[in-house]
Amino acid sequence: MTTPSGPGDGRPDPTLSAIMSERRRLINLSYRLLGSLAEAEDAVQETYARWYTLSPQEQRAIASPGAWLTKVAGRICLNVLGSARARRENYVGDWIPEPLPEPAEWSGGRAGGATVDPADRVTLDESISMAFLVVLEAMTPTERVAFILHDVFRYPFAEVADIVGRTPAACRKLASSGRRRLRGSRTPPPPTARQAAVVRNFKDAWEAKDIDALIGLLDPQVGATTDGGGLATVVRRPVEGAEQLARGLVGRLAGLTILERTVNGQPGLVAQQDGTIVTVYAFAFAGDRITHIWAVRNPEKLQPWRAGG
């Protein structure tokens, strides 16, 4: 993104550093709101474009540029969410949020450099897990924005109300509704080290084509969702049950190299074919068993993975 210099005198814009330092936080926020890194980057680009349509006098009159940018980004994301719901109804097959690779630190935090309380870090880290994002997809746009802004980024309801265009009391109810959806649809995940051990054992059993070992690592009612977006081959019928899923995985192993990777901050896997990542796998867990597998094969959603090698 090209950023203009100062007001006609050849000097750097004195607010440039402060404004651009907000970009990571805005991307973090927008990704959680939209579930798509590409859409999040577009939303942030539009946010900065609106800032630079202001005159220098208007910019200087804004007491907190960070708060202004957050408000604009939140409103842009709210509009995008409304149109995205319609677009995803026409999406070919199942839509899964875009998986994020490392090394980006997808952590939250308030404007002004406020330190995140260690007690909040688990919530902030978990808020980019695939299981978390999938639940967010079931929320209404206003529920999602109110919940993320308040419960994840700790914005007071008065500020959330200004972004959403509702009263603080209404925003409190929206966030509460989002919280109930989250509690009602998710099992608290085991510690990361335990997840990593399950994923490693799953990988080893898959590569060994050990169906019995795979079944032992899968919940009896395990489900799988694959996102090809009409651009990659996927299994059209829903896959449910440990034995069906295990046999299907073994049958599709030929020509693939399976690698352990961090997916949305959690232990996951990628499949390479001829050195190119063709699938990213994210998992949900209950104890030492996998309860759901999300497999993203849409090549458009794999660009960040392929760009990073």
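This is a predicted model: local features need pLDDT of at least 70, side-chain atom pairs count only at pLDDT 80 or more; totals for chains, interfaces and linings use all residues.
1. Helix H2 covers residues 23-34, and its 12 residues reach 16 Å from the first C-alpha to the last, close to the 16 Å expected at 1.5 Å a residue. Because 10 of the 12 residues of H2 are buried, the helix is largely enclosed by the rest of the structure. Among these buried residues are Arg25, Leu26, Asn28, Leu29 and Arg32. After H2 comes Gly35, which has a positive phi, near 70°.

2. Thr70 belongs to helix H5, residues 65-89, and is counted as buried because its relative accessibility is 2%, where the cut-off for buried is under 20%. When neighbours within four places in sequence are left aside, Thr70 is in contact with Arg25, Leu26 and Leu29, and also with Leu149, Tyr155 and Ile163. Between Thr70 and Val44, which are 26 residues apart in sequence, the C-alpha to C-alpha distance is 9.4 Å.

3. The model has 6 aromatic pairs. One of them joins Trp206 and Tyr281 in an edge-to-face arrangement, with 5.5 Å centre to centre and 90° between the planes. Since Trp206 lies in helix H11 (residues 192-207) and Tyr281 in strand E5 (residues 276-286), the pair ties together parts that are 75 residues apart in sequence. Trp206 is buried at a relative accessible area of 1%, and Tyr281, at 9%, also counts as buried.

Terms used: Residues are numbered from 1 along each chain as its sequence is written. Side-chain values use heavy atoms; hydrogens and water are left out. Helices (H or I, at least four residues) and strands (E, at least two) are DSSP runs, numbered from the N terminus. The expected span of a helix is 1.5 Å times one less than its number of residues. Buried means under 20% relative accessible area, exposed over 50%, partly exposed in between (1.4 Å probe, protein chains only). Contact means heavy atoms within 4.5 Å. Rings of Phe, Tyr and Trp (its six-membered ring) pair if their centres lie within 6.5 Å; planes under 30 degrees apart count as stacked, over 60 as edge-to-face and the rest as tilted.
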